[in-house]
Amino acid sequence: MSGFLAIFSTRPHRERQGEEEVALHDLQARAPYGFRMLRDQNYFLAQSAPSEGRSGPLEESKSGLLILQDCHFTNAPELRVRLDLDSTAGSETIIAASYERWGDLCVAELDGDFSFLVIDRKRRRAFGARDHFGVKPFYYVDTGHCFLFASEIKALASHVLRHYQLDLA
């Protein structure tokens, strides 16, 4: 089980730093080894580290894509062959290669439980998907000044509840 969080904002990083920390706190249960993170003026990305000693910054794929994911592909061996990947290629590599080959239609080629977000910085776009049965969660919210994605609804709720009041009437 892994967790991820992405915040795309029009507000400067210094104004949202506390929000990032609160959202990460809400993902702690999915990150026993910490997080790999990438921060820029307009976005914050975090992925739970896959194992001890592998925390640190997120890294781009060879094609310049950033991948946040919680995936188990049942057809991974087949995808590795079809995409001409090494037999040990992990989920991030499979997602990047699938997205490069099939674009948004890559989801039709993936079998298993998955939830992921592809950040394509060259095209200035993000593409997110989850498995066909919704086994792996994928939540998002658009607040007007901020667009958030997460694998846990708690990470989004803490952000939204800090800025908006619920009208229970």
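This is a predicted model: local features need pLDDT of at least 70, side-chain atom pairs count only at pLDDT 80 or more; totals for chains, interfaces and linings use all residues.
Local features here need pLDDT of at least 70, side-chain atom pairs count only at pLDDT 80 or more, and totals for chains, interfaces and linings use all residues. Residues are numbered from 1 along each chain as its sequence is written, and side-chain values use heavy atoms, leaving out hydrogens and water.

I start with the sheet. Its three strands are ordered β5-β6-β7 with antiparallel pairing. Strands are DSSP E runs of at least two residues, helices are H or I runs of at least four, and both are numbered from the N terminus. Two strands pair if DSSP finds at least two bridges between them. β5 (65-73) and β7 (125-130) are the edges; each has a single partner strand, so one side of each lacks a neighbour in the sheet. β5 is joined to β6, residues 112-120, by nine bridges. Within that pairing, D70 sits opposite S115.

Now the salt bridges, meaning a side-chain nitrogen of Lys or Arg within 4 Å of a carboxyl oxygen of Asp or Glu. There are six in the structure. D70 is in β5 and K136 in the loop between β7 and β8 (139-142), so the pair ties together parts 66 residues apart in sequence. Both residues are buried, that is, under 20% relative accessible area; exposed is over 50%, and partly exposed is in between (1.4 Å probe, protein chains only).

What does D120 bridge to? Its partner is R123, with the closest N and O atoms 3.5 Å apart. D120 is buried at 5% relative accessibility, while R123 is exposed at 56%.
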